[in-house]
Amino acid sequence: MALAASHRYSTKMKTTTTNSPRETHGGDDRMHYLILTKHQQFHSNLAPSNKAPKVIDEYHQIDKHSRIQCLALGKNTSYAICNSAGRARWCYFPAFSNDMKHEDRLSVKQISFGPHDTYAIVKTNGQCTHMTFGRLSDCGPWQEIERHQADIKYVAMTANKSEWIVGYGRNQWVAVGVDAELIEILKQIKESDAEIVSVTLGKTASRYVVRSSTRWYYKGDEAFSKAMKQCDDARLVAIW
């Protein structure tokens, strides 16, 4: 299948940023979010069919002294949750389930879902277990994940194969097709000598969350933006 060229952004090269091309995807286009606070409360607009909020409540009751350490959302009812007691629950495809069953759940710090049932599991040692596009092209983060194994900070993907970012080292990244404003935010964080902790992308490149060592940055629909403004003690944020 022929693939269109993508704009590539990297801390290793100077490029002119542009807005990523729009692409239409089927299904529910409403932005989904789940915001977990430092006090273990959460704000969400997920449908009842998504069990993530119920799992969070269950974990808080079972492990009162544990904390949710990883939270992810994907298409439809997809989610993944890990807590500091080593428990994990998810709703995703078999390949992801097989990998999660063999992971040390205490070491999982970020999970990202992407197009066509792809995923990335980033661990505290900088390693990333993943099933992603891009082994032979920029249409997916495969090459950059493998290039920076043992130094990965975060991986984020949208529902579009040509929209992704891989963070590594201290404030280093390689990105394709992401929102130009996101790249400017990352540059500002780097120039301020703060640290980029994580980047999360939603279903489209126009939805993102950046966590730095000093504050949150985000872009999404009106409901999500309002929820983030009202929640001044966010600890984990998952979107799609």
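Start by selecting valine 209: across from valine 209 stands tyrosine 218 in E15. Before moving on, note that this is a predicted model, where local features need pLDDT of at least 70, side-chain atom pairs count only at pLDDT 80 or more, and totals for chains, interfaces and linings use all residues. Residues are numbered from 1 along each chain as its sequence is written, and side-chain values use heavy atoms, with hydrogens and water left out.

Next, grab strand E14 (residues 208-212), which is joined to E15 by 4 bridges, the two running antiparallel. Helices (H or I, at least four residues) and strands (E, at least two) are DSSP runs, numbered from the N terminus; strands pair if DSSP finds at least two bridges between them.

Now bring in helix H4 (residues 180-191), which packs on the sheet and touches E13, E14 and E15. Its direction makes about 0° with that of E14. Helix H5 (residues 222-230) packs there too, touching E14 and E15, at about 160° to the direction of E15. Contact means heavy atoms within 4.5 Å; axes are lines fitted to C-alpha atoms, for helices over the stretch in contact, with angles from 0 to 180 degrees between N-to-C directions.

Jump to serine 97 in helix H2 (residues 94-101). Is serine 97 buried or exposed? Buried, at 13% relative accessibility (buried is under 20% relative accessible area, exposed over 50%, partly exposed in between, with a 1.4 Å probe and protein chains only).

Last stop: histidine 116, in the loop between strand E7 (108-113) and strand E8 (119-123). Histidine 116 has a positive phi of about 55° despite not being a glycine, and is exposed at 56% relative accessible area.
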